[in-house]
Structures are given as C-alpha cells and as structure tokens.
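Please open the model in your viewer and keep the selection tool at hand; the stops below follow one another, and each says what to pick and what is there.

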Amino acid sequence: MQQAVFAVVGHPNKGKSSIVATLAFDDSVPISSHSGTTTQATSYRVTTRHSGYTLIDTPGFQRPRKVLRWLQRHAQSASERRQAVARFVRDVECRQLFPDETALLAPIMDGAAILYVVDGSRPYGVEYEAEMEILRWTGRPSMALINPIENESHVEAWTDALGQFFKTVRVFNPLLAEFERQAELMQTFAHLNPDWAGSLRQVIDDLQGRRAEQRRAGALILARLVDDICNYRFCQKVLDDRQAQSLRPVLEQRYQAWIRSREEQAVQELLANFSHARTPVQIEELNPPPDLFDLGEWYAWGLDRKQLLSAATMAGAVTGTAIDIALAGHSLMMGAVIGGAAGFGSALLGSDKLAELRFHGLPLGGTQACYGPARHANFPYVIIGRFLFLYRQISSRNHASRAALHAGTYELQEQIASLEKSQQRDLHQACARLARQKPVENLDRLLLNLL
C-alpha cells in the first residue's frame, strides 16, 4: 500500500509546527511563538505496526504575492500552471530570492498532499489569497485546517473563505485535540488521495492498538510502583536501642529519598510510554507535619475513614472493631516526603538483646533499626491516586504541549465507585494485602480497570 505524505504549509506563526508535533506524536518538533522558527522543510516519519505516514514541517510564506506574479508570467493557461510551479522550485535564482517559498513548495511538487494551516483567532485577510492560489496551482490534493490558537472568534469567516479554495476544511486545535479527534482527522486524510486510503485506515487501526498497549503498560508501571513502595524499608544495624533512636532522622531521610527516587522513576517510565520524554514534570515537596499520624492530611490524599471502612469490609479485612482501619500517616506521592510511614515505633524491629557472645572483645550481635514498610490501610490508595492523576495528564497530553506537568491530588474515590462491584472488591482486597506486605497476583490487571 502506498503511504501518505503531507506537507504542512501556511503563513508564519499559525501553528504549523504544533500540528506536525501532535500528528507525528513527536515532542522534539521545535515550537515557538516567534515567527521564523521553521527555516527549512523537515520530515517526520510516523511508523506504526503495519503502516505509517510522513509529515513535513515547512517554512511559512514570506512573499506570496511576488511569487504569484512570477508564476503568472510563466503560465499562459491553467494547463501550464503546475509546470510553472515546478519550474519555480527548480530555478536557481528563485531559490535565492524566495528561499522559504521554494522550500515549502518542493515537497508538494514531489507528491505530498497539502495541509494548509490558518489561525482562526485572527481576522481573515485578502493577503492570504495569494498563498491559497499558489497552492491551487500545484494541483495536489489539499485540506485546510483552522487552528484556533487563542479563540474561535474568526473561525466562521475563515471557513467561508477557505471553502472557495479547498474542498475540505476542518477546525483542529493541536493542543487540545484528544486522540479520538486525531483519529477522525486521519480518516478525513484518507479521502484526499484514494491511493492512500487503505494505508491510512491501517494507520488508524494501528494507533488504536498502540493506545491499548500503552494503557496496559501504564498499569504494569503502576503495579510495580505500588508493590515496591508498599514493601520498602530501610534498615541499619546498630549496637543498641539508644543508637537506633539517634539514627531515626537518618533512617527517615534515606527512606524518603528512596521513595522520591522510585516515584520519579515511575514518572519517567510513564512519559516514555507515551513518547513524552521531553516533558518537564514539577514535583512539589511536602513537609511532614509535626504529628506523623495526621489524619486530616492523610485522608485528603487517600480514602477517608468511612471509605476505608467500606473498602476493608468489601475486602473482608474487618471483623467487628478488632481491627482499627483508621491507621493514619502523612500522605504524599510523586516526590513528596512520606514521614513516619508506619510510625517509628512499629518500624523499628524492637530492642533485641545484644548477643552476649563476643569475639576479641567485639559484639557479634545487636539491633537492626528500620524505617518502613508502610503498614497503613490507606497507603496503597495514596500511591494509586497520585499515579492516576499524572496518568490522566500524560495519556491525554498532545505532543505540541510544552508546559510543565504538576503532581496533584486525584479523586480516587469517584474512580473506584465507577467500577463494577466485583472490580471494587478485587481492588480493595489487593490494597489490603499490599498494606500488609503480602504479594498480589495479577496486580496490573486489577489496576488496568482504573486506567
């Protein structure tokens, strides 16, 4: 099957590169609010499992009226117009006088279809008609995309004007368009050239399959993260309880540093999963409260007391009041400091007697001071909720976006409530086991329902 090639063209600073970045799923495409960022035609190849297509980011029109006058002098009739454009692209003098126009027209004359981009937040002007007339002279399949960069104030006027030059006109915001909207645009592309229809339909199927794979990979990243953090503890061998108490700040610091590192690793894996390797993520540091068992702050991030009770009941983890499921701690995720995960009193393994045996006057035994693991019923929900918050942002983020992402809270309660009862039960049982440092089989499959 013949694969599609699209040249993205238009006036400078109208969002051409943003559209290329989004449709190419490539955050390496240079984007700037200043004119002239793109100075030469650059190809971006999109390869899917069974097909693919190419997008060409081009410089903007600089002197279209002069170019059109040149073309008009070299074409006496409509039958000569395409040849005149080809001559213009090859002409050495034209390349020197009109470097931007020859660069953007060259891939079109080599067979690329045209995606003409305008800014729907700016008024329509007759100066654009020279550009559109030049593109019409190429005789290539074409489509106009209205990019509402700031607003949609002038979309209607642009639609009326573009309809006189292009058979297909679509409004497309590369920063906000969801994946489904991108797939719809691909389907429209298939109508531009019948020879590309089969290939582009295959591309759509492949991209939808890729989304499903990314979702499964996200669940696996989350499963590994929650399992690692719920089971982690940092230990140091000491001589006695007194030394253990003196080392408590050091143990807590090392524990917190590892948690931060592990969470950052999961974020990077998630970014790579969705090809957002260059996306900056701002992780806010939260200081632990003086009381390491602060109920209010803990519940603000995970489940509240009532929801924990319901979760424990569904998981079969509570019998009467024998178990206090209101265990608390200081919540944080994605680089925040987790203080006193299970309370230092339970984290330390106790004050075992020093071994009385000695070898050359040196003790052969002692105390092992540990910080962690977190034994709170709410802790797994905190980890899952924070991850889901970032997952939603990253999975829906277009590759034209350049703003930093921020870690924040997520209403996990509503997400859990949307699951079927059996799925809720399985999830609560898994979290109950994680809170007790018990293994959970197929954890990624259970978490997939939340993604």
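Begin by selecting C431, which counts as buried at 1% relative accessibility, where buried means under 20% relative accessible area, exposed over 50% and partly exposed in between, with a 1.4 Å probe and protein chains only. From the sulfur of C431, the closest cysteine sulfur is that of C230, at 7.8 Å, which is too far for a bond.

Before moving on, note that this is a predicted model, in which local features need pLDDT of at least 70 and side-chain atom pairs count only at pLDDT 80 or more, while totals for chains, interfaces and linings use all residues. Residues are numbered from 1 along each chain as its sequence is written, and side-chain values use heavy atoms, with hydrogens and water left out.

Next, select C235 and C370 together: their sulfur atoms are 2.0 Å apart and form a disulfide, a term for a pair of cysteine sulfur atoms within 2.5 Å. C235 lies in strand β7 (residues 234-238) and C370 in strand β11 (residues 367-371), so the pair ties together parts that are 135 residues apart in sequence; helices (H or I, at least four residues) and strands (E, at least two) are DSSP runs, numbered from the N terminus. The link is right-handed, with 110° about the S-S bond, and a search of the whole structure finds one disulfide. C235 is partly exposed at 24% relative accessibility, whereas C370 is buried at 0%.

Finally, go to D304, in the loop between α12 (295-301) and α13 (305-315), where D304 is partly exposed at 30% relative accessibility.
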